[in-house]
Amino acid sequence: MIVAGFILLAVGAADLVRQFAPRRWIGYLTVTVVLLLLGSVSDALLPMALALVVGALWVWSMPTERPAPLRFWPAVLLAVVSVGAVVGLGARPDAGMVGVVWRLRSPFGEVPFDLALLALGAGVFLLESANLVVRAALDGEHTWRPADPAATPVTAVADTAAAAEAAAASETAAATQTDAEVASAPRDPRGGFKGGRLIGPLERILVLILTLAAAYPILAAMLAAKGIVRFPEISRDGETGARAEYFLVGSLVSWVIALGAAFLVWWAAHS
């Protein structure tokens, strides 16, 4: 349990730190010191060291500036390791120095330190790391591209001399475009879904809390309400279906991550 907690906390904290460039090294150093302190007072230096290694590998394999080279497979491997650590290793009988003074009560009883660390790590992971997993899944399946073969997909132009000439030609052509031509140009279907970077983490945290609280009717109503709210945008797809596919793939991957985190915490609490 403590291994999964440290790993999820290290990965989630590293992804949060990456949002504060260019001085992210200060954040990485802070996260390392905090994990070192937690590992020291909880007699878990080995799990803490393993978490730092996994966090470094995660940052390398799941970049934020470009598509992930390994797609979402690092997330699959991370899930296997986390589930194996919770199911296979179970809970520790002693939490070190912090276990002597640790007291955390809840409506469901007293919460051990290892369980609290696992829940904290799962919650931190659901904030930004899960966004990277969803993005990698969408990029890997090219979900955002219109299904209409005649449509021109929106792509990034490489920084080369040929790209510069292409950009100059595009600017010249754009200057002569009429309003009608601009209106008829194909658009990236992701453009209609704003606020996903904020909605996604909030939605996953709610799924985690409602699942652990066994509030399944409220959970079902919330997920259904999201589809109803997004229906007007999805219905404007026409014949391409690009928006609907983007919405379904992104939402399902996000929900699976949140439910998986809830499963880890639930299993650890009942083990």
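Tutor: Happy to! First, a word on names: helices here are DSSP runs (H or I) of at least four residues, numbered from the N terminus. Please keep in mind that this is a predicted model.

Let's take α2, which covers residues 24–41. With 18 residues at 1.5 Å each, α2 should span 26 Å, and the distance between its end C-alpha atoms is 26 Å, so expectation and model agree.

Next, consider which way its side chains face. Gly 27, Val 31, Leu 35 and Gly 39 are the buried residues of α2. Viewed down the helix axis, these buried residues of α2 fall within an arc of 105 degrees, and therefore they line one face. Trp 25 and Leu 37, on the other side of α2, are exposed. As a reminder of the cut-offs, buried means under 20% relative accessible area and exposed means over 50%.

What lies over that buried face? The cover includes α1 and α3, and these two helices also pack against each other. In general, a packed pair of helices is described by the angle between the axes and the distance between them. For α1 (residues 2–17) and α3 (residues 45–61), the angle is about 40 degrees and the axes are 8 Å apart. The crossing of α1 past α3 is right-handed. On the α1 side, the residues making this contact include Phe 6, Ile 7, Ala 10 and Val 11, while α3 contributes, among them, Met 48, Leu 50, Val 54 and Trp 58. Sorted by class, the α1–α3 contact has 14 nonpolar residues, 1 polar and 1 charged. Asp 15 of α1 and Gly 55 of α3 are also among the residues in this contact.

Now follow the chain out of α2. Asp 43 comes after the helix, with a positive phi near 55 degrees, and Asp 43 is not a glycine. Asp 43 sits in the loop between α2 and α3. Its relative accessibility is 56%, so Asp 43 counts as exposed.

Further along, another loop joins the picture: Arg 71 is found between α3 and α4 (73–89). Arg 71 likewise has a positive phi, about 55 degrees, without being a glycine. At 33% relative accessibility, Arg 71 counts as partly exposed, because that class lies between the two cut-offs, under 20% and over 50%.

Terms used:
Residues numbered from 1 in each chain as written. Predicted model: local features only at pLDDT ≥ 70, side-chain atom pairs only at ≥ 80, totals over all residues. Heavy atoms only, no water. Axes fitted to C-alpha atoms, helices over the stretch in contact; angles between N-to-C directions. Left-handed = near helix turned anticlockwise from the far one by under 90°. Contact = heavy atoms within 4.5 Å. Nonpolar A, V, L, I, M, F, W, Y, C, P; charged D, E, K, R; others polar. Buried < 20%, exposed > 50% of the residue type's maximum accessible area, 1.4 Å probe, protein only. Expected span 1.5 Å × (residues − 1). Arc of directions from axis to C-beta.
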